[in-house]
Amino acid sequence: LRRLPLALALRPLRAGHPLAPAARAKNRTALPVLSASASTTGAEPPAGEAAEGGAGDLKKAERRKRVISGVQPTGNLHLGNYLGAIRQWTELQHSYDSFFSIVDLHAITVPHDPKALKRDTLAAAAAYIACGVEPATAANPSGAVVFVQSHVKAHAELTWLLNCATPMTWLQRMIQYKEKARKQGENVAVGLFGYPVLMAADILLYWTDKVPVGEDQKQHLELARDIARRFNDAYGKKKRPVFKEPEPLILETGARIMSLLDGTAKMSKSDPAEGSRISLADPPEVIRRKIKRCKTDSFEGLEFGNPERPECQNLLAIYEIVSGKSREEVTREVADMSWGTFKPVLAEALVAHLEPIQVRYGELMQDKTYLHSVLSYGAERASEVAEKTLDNAKSAMGFTLPSDFE
């Protein structure tokens with residue numbers, strides 16, 4: 001993320017902004033999810049793991065359900081990352097035992113710049129917090145566990161164990177691998193073929209109850225469930241499975257933000273066209289220019305729900321979220337608008353919504369010591385849970401553990 005202008009001054013958040021305390025409380029009540037109550041007792045975790053990531057002072061019956069999610073640190077995080085994932089996390093963290101990872105191991109499945117990876121990893125942590133994630137620290141252990149994937153060594157080790165238990169034909173069916181492999185041709189790496197198994201390890205290590213997913217990610221979650229079931233059948237016990245089969249947590253609004261240049265393609269950091277996305281660090285004039293040039297259609301009026309108008313659906317969904325208005329309010333407001341009238345309204349709503357996030361991000365990037373402490377504490381907390389699951393998996397497969405000699 002680029003350094004932000006020093007002229008931006010921290011101001012009180014406008015009423016209705018999702019980072020404002022009142023809005024957070026309101027949104028926590030209204031968050032649309034297809035799941036059971038987050039406070040319902042989940043399946044029993046691995047032996048030795050206590051509630052709240054190993055704190056050991058809560059009864060099992062009080063264990064909150066756990067969610068895990070993550071974003072790759074590849075380039076600037078964009079509006080799709082924020083509205084489709086991180087914004088949702090800020091609500092989930094109050095109801096779930098939350099683990100939010102910066103998945104740097106996934107970032108190297110394609111050619112990458114080592115210096116950029118190091119820079120972008122810290123920038124992603126700052127962006128998480130700037131967007132409203134309240135990280136666990138020594139002073140606030142009840143916050144969301146924010147950590148770097150590669151700092152928890154169990155991810156890579158469990159991936160190898162699962163690789164040896166996963167049929168190759170399962171991976172050959174993965175749609176995203178086929179799409180990316182076509183782009184890379186002969187340079188496609190083994191890591192790209194096997195990354196769905198790494199993703200399964202990311203989830204299964206934490207005895208995850210719910211995984212926030214969009215439509216394009218359901219196949220990966222189903223693979224994680226299949227791998228867990230296959231492993232449990234081969235090595236587990238009926239009353240004490242090695243892994244928990246996670247359930248999808250479908251978030252209705254904003255789960256998938258599309259490209260500004262193609263309403264049928266997901267907004268992506270890998271798209272070579274800068275105008276296809278709004279980066280979280282884009283200054284106001286860039287946001288206005290990108291919205292002015294974004295693709296629209298020739299239909300009269302603006303409306304939700306018309307499958308022949310994907311760009312209209314996408315832009316209205318973005319406006320609904322960043323304006324804080326209900327779908328009914330937006331529908332009434334834009335009913336008689338033309339694109340020429342609506343685009344400036346959308347651009348100004350985006351500028352106002354992103355400004356406090358950009359200011360907070362700039363402050364965090366000036367405090368590397370704080371970011372390092374958050375990630376170090378998060379890695380410790382995540383490792384407490386992950387290492388227990390890994391040991392259970394190794395023991396079930398017949399490996400000798402160091403503890404066997406004690």
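**Stop 1: the whole chain**

Start with everything shown. The model is a predicted one. Colour it by secondary structure. The chain has 15 helices and 5 strands. Its length is 406 residues, and 51% of them count as buried. Now think about contacts along the sequence. Take those with a separation of 6 or more: 75% of them join residues 24 or more positions apart.

**Stop 2: helix 6 and helix 9**

Select residues 154-163 for helix 6 and residues 190-204 for helix 9. Hide the rest. Two packed helices are described by the angle between their axes and the distance between the axes. Here the angle is about 120 degrees, and the axes lie 8 Å apart.

Now show side chains. On helix 6, pick H155, L158, T159, L162 and N163. On helix 9, pick V197, L198, A200, A201, D202 and L204, which they meet. Which classes of residue make up the contact of helix 6 with helix 9? There are 7 nonpolar, 3 polar and 1 charged residues.

**Stop 3: helix 12 and helix 13**

Move along the chain. Select residues 310-323, helix 12, and residues 327-334, helix 13. They pack at about 120 degrees, with axes 10 Å apart. Helix 12 and helix 13 are therefore oblique to each other. Helix 12 passes helix 13 in a right-handed crossing.

Show the residues in contact. Helix 12 supplies Q313, L316, Y319, E320 and S323. Helix 13 supplies R327, V330, E333 and V334. How many residues of each class are in the contact of helix 12 with helix 13? The count is 4 nonpolar, 2 polar and 3 charged.

**Stop 4: Q358**

Finish on one residue. Select residues 339-365 to bring up helix 14, then pick out Q358 within this helix. Is Q358 buried or exposed? Q358 counts as buried, because its relative accessibility is 7% and the cut-off is under 20%.

What lies 2.8 Å from a polar atom of the Q358 side chain? The backbone oxygen of D282 does.

Technical notes. Residues are numbered from 1 along each chain as its sequence is written. This is a predicted model: local features need pLDDT of at least 70, side-chain atom pairs count only at pLDDT 80 or more; totals for chains, interfaces and linings use all residues. Side-chain values use heavy atoms; hydrogens and water are left out. Axes are lines fitted to C-alpha atoms, for helices over the stretch in contact, and angles run from 0 to 180 degrees between N-to-C directions. Helices (H or I, at least four residues) and strands (E, at least two) are DSSP runs, numbered from the N terminus. Contact means heavy atoms within 4.5 Å. Ala, Val, Leu, Ile, Met, Phe, Trp, Tyr, Cys and Pro count as nonpolar, Asp, Glu, Lys and Arg as charged, and the others, Gly among them, as polar. Buried means under 20% relative accessible area, exposed over 50%, partly exposed in between (1.4 Å probe, protein chains only). A polar contact is a pair of N or O atoms within 3.5 Å; within protein, one must be able to donate a hydrogen and the other to accept it, and residues adjacent in sequence count only if both atoms are side-chain atoms. Angles under 35 degrees count as roughly parallel, over 145 as roughly antiparallel, 65 to 115 as roughly perpendicular and the rest as oblique. A crossing is left-handed if the near helix is turned anticlockwise from the far one by less than a right angle, and right-handed if clockwise.
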